[in-house]
Amino acid sequence: MDHSTSKRQLAADGETGIRTNFKESMTYGEYLHLDRLLDAQEGVSTHHDETLFIIIHQVSELWMKLILHELRAAIRNIDGDDLQPAFKQLARVSRIQSQIIQAWDVLATMTPAEYSEFREDLGNASGFQSYQYRMIEFALGYKTKHVLKIYEKDQVLHAELEQQFRQPGLYDAAIRKLARSGLAIDEEVLARDVTEPYDVEDSVKEAWKTVYRDVDTHWELYQLAEKLVDIEDSFQQWRFRHMKTVERIIGFKQGTGGSSGVHYLRKVLEHSFFPELWQLRTEL
């Protein structure tokens, strides 16, 4: 179909304003770099279902990139006492998480027999090695230094992860906000080593209790607390769906990256990013 014929067809469809000449301007595909994006699904086998496996993980990595973008902005806004934009950013993170959770339902259409056709070809490559997932854990305050060794092959990436590892997380920002709002937080909590895993602190729990017992006075802090609970709730749902999908496809086999697979995924379900916000629900 030549250019004049296509224009006549568009006119017949009542769409006379649609532009068809892009010789001198940017197209949708160019803006999104679709040539690169859609050429990035080259697998290591010829099995039909490897395309599904690759795309699910690539899409999840794109969503994780956006989660990190929003979390970092939210931390900056909380530190700057500008909570309303932070609420929008944290709410967006929760909605993104729902997309990642749903992705496991698509991957779960792969059967054990289908995955076994190309699993050995993956070698030691594993989702356990996702550096963006580690950065999200760091941003949420879960610091595990030993995982940094996984990324020593790429010195630039390792340095970036090391830098993120040493940054205060979202919960650190929230606790600092509690203190700036006049709530009593122990000084050692505010000055703690943020590279160490966070543990329950009585002064933090009492501060959050004060917020929940007087919502009208502490409305913004109450909103912040509930946004944090939303994020952790969704994160745990993501972890659970991950664990059950892995169990459904490979049972209790060891992961390709050397982890204990389902056993490891069950263990991390016990971890809480914002423990006081969950504990106070029993005590209020």
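**Salt bridges and aromatic pairs in a predicted model**

Aspartate 79 is partly exposed, at 32% relative accessible area. Here buried means under 20% relative accessible area, exposed over 50%, and partly exposed in between (1.4 Å probe, protein chains only). The model is predicted: local features need pLDDT of at least 70, side-chain atom pairs count only at pLDDT 80 or more, and totals for chains, interfaces and linings use all residues. Residues are numbered from 1 along each chain as its sequence is written, and side-chain values use heavy atoms, with hydrogens and water left out.

The structure holds 17 salt bridges. Each is a side-chain nitrogen of Lys or Arg within 4 Å of a carboxyl oxygen of Asp or Glu. One of them joins arginine 176 to aspartate 79, with the closest N and O atoms 2.8 Å apart. This pair links distant parts of the chain, arginine 176 in helix α9 and aspartate 79 in helix α4 (residues 50-79), 97 residues apart. Helices are DSSP runs (H or I, at least four residues), numbered from the N terminus. Arginine 176 is partly exposed, at 25% relative accessibility.

Glutamate 137 and arginine 239 form another salt bridge, their closest N and O atoms 3.7 Å apart. Glutamate 137 lies in helix α7 (residues 131-139) and arginine 239 in helix α12, 102 residues apart. Both residues are buried. Arginine 192 pairs with aspartate 172, at 3.0 Å between the closest N and O atoms. Arginine 192 is buried, at 19%. Aspartate 172 is buried too, at 8%. Shared partners join Lys205, Glu206, Lys209 and Glu283 into one network of salt bridges.

The whole structure contains 15 aromatic pairs. Rings of Phe, Tyr and Trp (its six-membered ring) pair if their centres lie within 6.5 Å; planes under 30 degrees apart count as stacked, over 60 as edge-to-face and the rest as tilted. Tyrosine 171 and phenylalanine 274 form a tilted pair, 5.1 Å centre to centre, with 50° between the planes. Tyrosine 171 lies in helix α9 (residues 170-180) and phenylalanine 274 in the loop between α13 (262-268) and α14 (275-283), so the pair ties together parts 103 residues apart in sequence. Tyrosine 171 is buried, at 3%. Phenylalanine 274 is buried, at 1%.

Phenylalanine 235 and tryptophan 238 form a further tilted pair, 6.1 Å centre to centre and 40° between the planes. They stand three residues apart in helix α12 (residues 219-250), so about one helical turn separates them.

Note on methods
Helices (H or I, at least four residues) and strands (E, at least two) are DSSP runs, numbered from the N terminus.
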